[in-house]
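Here are a few notes from going through the backbone and one of the helices. Have the viewer open while you read.

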Amino acid sequence: LAQNYDPDQLLQIAHAYAGQVAVVDLGLQALLSGIDELPQRDSTLLAVTSPRGYPLGEHLRVGACDHALYGELLHVPLCVRFPQAEGGLQRTQELVQPADLFATLADSAGWADDAKTQSQSLLRIVRGEETLRREVLIAAHGQQQLVRTTAWQLRIEKTADHDCHELFAKPDDRWEFNDVASRAPDIVAQLIEQAQNPNASELPEVLTSPWR
């Protein structure tokens with residue numbers, strides 16, 4: 001979108017998108033009702049998610065354009081119906097990634113999981129069991145990198161002349177509207193180091209604690 005875009009044009013797109021979401025919601029309601037009538041309802045796990053988000057004007061982008069690494073593209077919905085309504089209505093601020101979905105299905109089905117991976121079953125989080133404490137997630141696309149901790153999100157975009165940095169406080173700045181990179185250069189430097197060395201030792205508390 002141009003800086004002086006017509007907000008009414010964007011409103012039309014948002015309304016069309018909302019209509020599609022309403023249709024999906026109705027379909028999901030019918031699917032859940034059907035599952036509740038099955039003999040296997042107490043052993044059925046249903047997961048609904050998406051491979052990517054759909055920007056609706058945040059950061060002047062709509063739909064699939066340049067795949068800028070912001071939350072509206074990467075922070076996708078994940079709704080899980082666990083067997084016997086385990087964890088019903090529960091929400092969590094844990095950092096999860098797509099590979100965790102397979103680990104969850106494997107755990108629920110009782111499959112042996114001998115692979116040494118960084119994925120973990122969401123059932124462990126729901127049950128309050130000991131879990132892999134994930135402190136950082138890293139995403140990359142083209143000349144972009146994103147580093148996400150429980151307290152910060154740094155977007156790095158490499159250009160021919162220099163690297164551009166955008167820093168957002170999490171989870172407070174949900175829509176990533178307030179870039180504070182110029183006010184917290186020490187945080188930017190530490191997150192850049194983490195991106196360059198993702199297997200580093202435990203992160204300092206300033207990168208993981210939302211109580212800054």
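Predicted model: local features only at pLDDT ≥ 70, side-chain atom pairs only at ≥ 80, totals over all residues.

1. Start with helix α3, residues 99-109. Which of its residues are buried? They are Asp100, Ala103, Thr104 and Ala106. These four cover an arc of only 165° around the axis, so they end up on the same side of α3. As for what lies over the buried residues of α3, the cover includes α4 (122-126).

2. Most residues other than glycine have a negative phi, and most peptide bonds are trans. Histidine 59 isn't a glycine, yet its phi is positive, about 60°. You'll find histidine 59 in the loop between β1 (46-49) and α2 (71-74). Its relative accessibility is 17%, and because the cut-off for buried is under 20%, histidine 59 counts as buried.

3. Glutamate 176 is another non-glycine with a positive phi, here about 55°. It belongs to the loop between β6 and α5. Is glutamate 176 buried or exposed? Buried, with a relative accessible area of 2%.

4. Finally, check the peptide bond between lysine 170 and proline 171: it is cis, with omega about 0°. Proline 171 sits in the loop between β6 (163-169) and α5 (185-196).

Note on methods:
Residues numbered from 1 in each chain as written. Heavy atoms only, no water. Buried < 20%, exposed > 50% of the residue type's maximum accessible area, 1.4 Å probe, protein only. Helix = DSSP H or I, 4+ residues; strand = E, 2+ residues; numbered from the N terminus. Arc of directions from axis to C-beta. Contact = heavy atoms within 4.5 Å.
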